[in-house]
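User: I am new to this structure and would like a close look at a single part. Please show me the sequence and model, then take me through how that part is held.

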Amino acid sequence: MSLPESYRLPVHLFYYEGMSIREIAGVLGKREGAVRTSLTRARALLRDKLKEEGDYV
């Protein structure tokens, strides 16, 4: 929930709903590359947040 909405929705659709990048792009009206970029940036933000909290090795 700490992610901005623009990252949170693609992450939810990809990991929790099992949608492909192509499907997510269609639903959100974005290019596949934009969805990939959102997922990559969201992963980086989550990784940094976990590092700060000491939960990530």
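How many helices and strands does the secondary structure of the protein come to? Then look closely at helix α1: how do α1 and helix α3 pack, and which residues make the contact of α1 with α2?

Analyst: The protein has three helices and zero strands. Helices (H or I, at least four residues) and strands (E, at least two) are DSSP runs, numbered from the N terminus. From the N terminus on, the order is α-α-α.

This is a predicted model, where local features need pLDDT of at least 70, side-chain atom pairs count only at pLDDT 80 or more, and totals for chains, interfaces and linings use all residues. Residues are numbered from 1 along each chain as its sequence is written, and side-chain values use heavy atoms, with hydrogens and water left out.

First, the setting. The C-alpha trace spans about 35 × 20 × 20 Å along its principal axes. Of the 57 residues, 23% are buried. Buried means under 20% relative accessible area, exposed over 50%, and partly exposed in between (1.4 Å probe, protein chains only).

Now α1 itself. Two packed helices are described by the angle between their axes and the distance between the axes. Axes are lines fitted to C-alpha atoms, for helices over the stretch in contact, and angles run from 0 to 180 degrees between N-to-C directions.

Start with α2. Helix α1 covers residues 5-16 and helix α2 residues 21-28. They pack at an angle of about 135 degrees, with axes 10 Å apart. That makes α1 oblique to α2. Angles under 35 degrees count as roughly parallel, over 145 as roughly antiparallel, 65 to 115 as roughly perpendicular and the rest as oblique. From α1 come Leu9, Pro10, Leu13 and Phe14; from α2 come Ile21, Ile24 and Leu28. Contact here means heavy atoms within 4.5 Å. The residues of this contact are seven nonpolar, no polar and no charged. In this scheme Ala, Val, Leu, Ile, Met, Phe, Trp, Tyr, Cys and Pro count as nonpolar, Asp, Glu, Lys and Arg as charged, and the others, Gly among them, as polar.

Next comes α3, residues 32-53. Here the angle with α1 is about 100 degrees, and the axes lie 9 Å apart. The two helices are therefore roughly perpendicular. On the α1 side, the contact uses Ser6, Tyr7, Pro10, Val11, Phe14 and Tyr15. On the α3 side, it uses Ser38, Leu39, Arg41, Ala42, Arg43 and Leu45. These residues divide into eight nonpolar, two polar and two charged.

Side chains of opposite charge can pair when their charged atoms come close. A salt bridge is a side-chain nitrogen of Lys or Arg within 4 Å of a carboxyl oxygen of Asp or Glu. Arg8 makes one with Glu5, with the closest N and O atoms 3.3 Å apart. Arg8 and Glu5 are three residues apart in α1, so about one helical turn separates them. Arg8 is partly exposed at 27% relative accessibility. Glu5 is partly exposed too, at 46%.

The count comes to three salt bridges. Arg22 lies in α2 and Glu32 in α3, so the pair ties together parts ten residues apart in sequence. Glu32 also bridges to Arg36, at 3.5 Å between the closest N and O atoms.
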